[in-house]
Amino acid sequence: MAGITLEEAKRHLDIWLKAESAIATSQSYTIGTLTLTRANLKEVREQIKFWQNKVAELENVAAKKGRNRVYRAVPRDL
């Protein structure tokens, strides 16, 4: 998913959090003969975890200015 910005990831996370709260208030309901069943709560929580990880990853990249630092040490026996 290259090209996703931090703002987009946060927006997706907010959407999934709102979906979770909507599901938590009522998983399904019936009006007359029609029944509406919302999405599976387990799948929504998996998406929340995914977007939380993506936000954390993008924030980490932003904090390190897009690079990982690698240090090398050479053990010496004197």
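Leu 36 lies in strand β2 (residues 34-37), where strands are DSSP runs of E with at least two residues, helices are runs of H or I with at least four, and numbering starts from the N terminus. The model is predicted, so that local features are given at pLDDT of at least 70 and side-chain atom pairs only at pLDDT 80 or more, whereas totals for chains, interfaces and linings use all residues. Residues are numbered from 1 along each chain as its sequence is written, and side-chain values use heavy atoms, with hydrogens and water left out.

Strand β2 pairs with strand β1 (residues 28-31) in the antiparallel sense over 4 bridges; pairing requires that DSSP find at least two bridges between two strands. Within this arrangement, Tyr 29 stands opposite Leu 36, and Ser 28 stands opposite Thr 37 in β2. The hairpin of β1 and β2 has 2 residues between the strands, and Gly 32 takes a positive phi near 65° in this hairpin.

Leu 36 is partly exposed, at a relative accessible area of 38%; buried denotes under 20%, exposed over 50%, and partly exposed the range in between, with a 1.4 Å probe and protein chains only. Together with Tyr 29 and Ile 31, Leu 36 makes a nonpolar surface patch of about 280 Å². Patches are made of residues with over 30% relative accessible area and no salt bridge, like charges being joined within 9 Å and nonpolar side chains (Val, Leu, Ile, Met, Phe, Trp, Tyr) within 5 Å. Accessible areas come from the Shrake-Rupley method with a 1.4 Å probe, and for residues only the protein chains shown count as cover.

The largest nonpolar core comprises 10 residues, namely Ile 4, Leu 6, Ala 9, Leu 13, Ile 23, Val 44, Ile 48, Trp 51, Val 55 and Leu 58. Helices α1 (6-25) and α2 (41-63) are the elements that give two or more residues to this core, and α2 gives the most, with 5 residues. A nonpolar core is a set of buried Ala, Val, Leu, Ile, Met, Phe, Trp, Tyr and Cys residues joined through side-chain atoms within 4.5 Å.

The count of salt bridges comes to 2, each being a side-chain nitrogen of Lys or Arg within 4 Å of a carboxyl oxygen of Asp or Glu. In one, Lys 10 is joined to Glu 59, with the closest N and O atoms 3.8 Å apart. This pair links distant parts of the chain, since Lys 10 belongs to helix α1 and Glu 59 to helix α2, 49 residues apart. Lys 10 is partly exposed at 37% relative accessible area, and Glu 59 is partly exposed at 37%. A salt bridge also joins Glu 20 and Arg 45, whose closest N and O atoms are 2.9 Å apart. Glu 20 lies in helix α1 and Arg 45 in helix α2, so this pair ties together parts that are 25 residues apart in sequence. Arg 45 is partly exposed, with a relative accessible area of 44%.

Thr 25 is also found in helix α1 and counts as exposed at 67% relative accessibility. The C-alpha atoms of Thr 25 and Arg 11 are separated by 22 Å.
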